Amino acid sequence: MELTDSVDKLPGVGPAVAKLLQRLKVRTISDLIHYYPRRYDDYSNVIPIAKLHPGSVTVRGVIKQITGRYVRRGLHITEAVASDETGSIRLVWFNQPYRASQFKKDSEYYFSGDYQLSNRRFSILNPASEQVSSFPVNTARIVPIYKETKGLTSHKIRSIIKATLPYIRDLPESLPDWMVDEQSLLSYSQSIEQIHFPASSDKLKQATKRLGFDEVVELTLAALLNKQTIKHDASLAIAFDKKLATTFVSKLPFELTDDQRRAVWQIYQDMQAVSPMNRLLEGDVGSGKTVVAAMSALMVLKQGLQVALMAPTEILARQHYQTIAKLLQPLGLDHTVGLLVGSQKGKEKSLMHQRIESGEVKFIIGTHALIAEKVTMHKLGLVIIDEQHRFGVDERKKLLAKAGHAPHTLIMTATPIPRSLALTLFGDLDISLLKSKPKNRKAIKTELVPPSSRPKIIDIIKKAVINGHQVYIVCPLVDESAVVPAVSAEKLYEQLHTRDLKGLRVGLLHGQMPSDDKERVMSEFANAKLDVLVCTTVIEVGVDVPNASIMMIESPERFGLAQLHQLRGRIGRSDIQSYCYVMMSDAHAPSQRLRAFTQTQDGFKLSEYDLHLRGPGAIYGTSQHGELDLTFTRLTDVKAISNAREYAQRFIDKGCKLVQYPVLNERVSKLRAVTNLN
Ligand code: ADP
Ligand code: MG
C-alpha cells in the first residue's frame, strides 16, 4: 500500500467512514497522517484509586458490578464499580446504555475522565474506557482531540490513525541530517507519531518544535528560491529623473516623512535594475502609503510605460483615482490616469478598455475589474497592489500576467507584522517600512463608553460638527437581525437622522447599497457635504477623509482587533485632535481585546496581540488559507523563527540541492507555487 492510497484501504475503514473522512478533507492515507490534533487531554497519570483527587484522572481496574436504568424519560444512567488493589470507585455514564454490556468480566481496563462529586458521591463521570494494552489511544495517556464531524468522533479518528502507525514509522527523514543533528531534533517520523500519540508532554513539545522548524525552513526556502528565480527574470529598467522627482515633491501640500523618502528612494533604486522589483511597502494605517505609490509611478509614466494599481474595494479605487489624479495634476499627468471598476456601465467600461489598450490611459486604477479577461494592458511597467492582505495569490498573479513579462511590483499593506515574521512570510519580497506617521498627527484618544453615556457622546458629536469636523459611526450589521443582537446601520441611521442628530446632515453607507448610491454618499462625505456617516465596515480599508475626527463604534465585540484598528485608522489623518468612542453593548463587559485596543495605537503591538489570540489567519490573503498554514509555529516566537530561517539560508549557502531531499523538495515546490508572485 502507498501513502497516496485511499483511506478505505486501511483496516477498519469502510466506504461509510471514508465518506465521513472526506468531509474533513481527508482522502488518502497521507491526508490522514497529516490530520493533526487540535488539542490534547492529559490523562497520562494513572492513579491508584485510594489516592484519587478531583480533576482529570485515569484509573486502572476491573469492573465489579454494572447496571443501567432509565431514571426518567430520556435520561439513562449506567452505574458501575471498578476496583484496583487499593480500593473501589464509582463510574457513571449518562445516556450510553451500551456500556452495561461492554466490559469483559475480570479484564483490566483504563478509565479516564473527570473525577468529581456527583449526587454526594465522588465518581468519574462519562469516563473513556479501554482495555489495558501497551498502546492505549483513548485513555491513560495524553489523548489527542481532533476536529470532528457528525458521526466521526475523536474516538473513532484515533483508532483510524492508529492504523496508519506502520506508515508513520516508515516516513523518511525530510530534512538534511546535519540540520537534525545540530538542532538535536526528533526524526520526522517520530515527530508525526508523537504529535498524534505523545508519549509524554516533553515528547510532544519536541515534536511541535521539530514540525515548527520544518514549516519555517520550508517557507523560507521557498521564498529564497523564488527570489533567486525572480532575479533572472527580465524587466524593463526605469530611469530615474531627479528633476521630475523634485518637482513632484515641491508641489505636495505637505513634506514627506523620512520613512516615505527612504521608501521612494529604495523603490527608484529597485526599478532602475532590469530584474523586477518585488517590494513590500508596510506601513500602519495613515502612514501615507498612497503618495509613495504615486511617486513610484511617476518615473514609469515618464518613460511611457503603464502602471496598474489594484485596490480591494470600489470606494477605495475611486478615492485613489481622485487622490492620484490630483497629485499628478501639477505635472500635467492627470489626464493619463483612468479608473476601471466593476460597476461601470457597458459603454463607459468598453471605452476605458480601449483607452487602456491603446496606451492612452497610462495609470490604470481599479478593483478586481483590472484582471478581467477583456482588459489588455499596453506596456505595463509597474504593478501596485494596495491592501494586499485582501487579495489572494491568484488575483495578484493574474494582474502580473497582464504584463506579458515580469513587471516591477509594489505591494502595500497596513497589516503591521513584526519584521522577523514579515521576512519569513514574505521572504521573497524586499521590505520598506513606514514606521513614523506624518509629523502633524496627534494620538487618537480612544475611550470605552458605557451605554448610559450615549447621550454625552451624541452631544460631543454635535459640538464637533458645529466646529466643522466630520464623524463616522460604524455598525457591524446592515439591517436589523433577529438572531444577532447588534446595532444595525439602517436602524441607527433612522434613529439618528430623525431624532438624536436631527438638523445635522447624516448619510448612510453600506456594502449592499447600489454602487451609484455608495459612490454618491462617499463623495458627499469626502467633500464635507455630509457631517455624519453611519456606515458598516465598507470604510474599513483605505478611506481617507482627513477632516473626520470622531468615530463611534457600535457593538465593538463583533469586530476583530485588527479590524478595529483599521477602522480607527480612518480618523486621526490630519492635525485635528481625533477621538474614538467604543460603545459598549449592555450584554458585554469589556473584553481583554477591547481594553488592549483602547490602550495602544501601535498597530504592530496590536497585531502581535492578535497573533497570540487568533494565529496567522489575519495576515494571509484569503486564498492562501490552508495552503500556507503554519500549524506548529508560534508566530510570536521570534527566536525560533530566526533560528529556522538561518538554517534555510545555510542550506542555500552550502550549495545543498533540493533534489537530494525528495520530501523537502516536494513541499518547498508546493509552497513556491503558492507564494510566488510571478
Ligand atoms: P495609508 O498609509 O493608510 O494608505 P494614506 O496614503 O491614505 O495612508 O495617507 C493618509 C493621509 O495622510 C492622507 O490624507 C495623506 O494626504 C496624508 N499624508 C501623507 N503623507 C503625509 C505627510 N508626509 N505629511 C502630512 N500628511 C501626509
Ligand atoms: Mg491606503
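Predicted model: local features only at pLDDT ≥ 70, side-chain atom pairs only at ≥ 80, totals over all residues.
The lining of the second largest pocket divides into 19 nonpolar, 17 polar and 13 charged residues. In total, 49 residues line the second largest pocket, and the space within the pocket amounts to about 1400 Å³. Nearest the centre of the pocket lie Phe 254, Gln 319, Thr 323, Asp 544 and Pro 546.

At least two residues come from each of α10 (289-302), α11 (314-328) and α17 (515-526). Among the contributors, α11 gives the most, supplying nine residues to the lining of the second largest pocket.

The pocket is also the place of the ligand: ligand 1 takes up the space of the second largest pocket. Around ligand 1 there are 17 residues, and the closest of these are Glu 255, Gly 286, Thr 290, Arg 441 and Asp 544. By class, the shell around ligand 1 comprises five nonpolar residues, six polar residues and six charged residues.

Polar contacts to ligand 1 can be followed along the backbone from Gly 286 to Gly 288. At Gly 286, a polar backbone atom is 2.7 Å from an oxygen atom of ligand 1. At Ser 287, the distance between a polar backbone atom and an oxygen atom of the ligand is 3.4 Å. At Gly 288, a backbone N or O atom lies 3.0 Å from an oxygen atom of ligand 1. Ligand 1 on its own has 570 Å² of accessible area, and the protein covers 88% of it.

The structure holds two cavities of 30 Å³ or more. The second largest cavity contains about 40 Å³ of space. Its lining is formed by Glu 314, Ile 315, Arg 318, Ser 515, Lys 518 and Glu 519. By class, the residues lining the second largest cavity are one nonpolar, one polar and four charged.

Key. Residues numbered from 1 in each chain as written. Chains lettered and ligands numbered in written order. Heavy atoms only, no water. Near = heavy atom within 4 Å. Polar contact = N/O pair within 3.5 Å; in protein donor to acceptor, adjacent residues only side chain to side chain. Areas by Shrake-Rupley, 256 points an atom, 1.4 Å probe, with all protein chains shown as cover. 1 Å grid on protein atoms, 1.4 Å probe; cavity = no way out; pocket = protein on both sides within 12 Å on 5 of 7 lines; lining within 4 Å. Sits in = over half its atoms within 2 Å of the grid points. Nonpolar A, V, L, I, M, F, W, Y, C, P; charged D, E, K, R; others polar. Points joined across faces, edges and corners; volume = space filled by probe spheres on them. Helix = DSSP H or I, 4+ residues; strand = E, 2+ residues; numbered from the N terminus.
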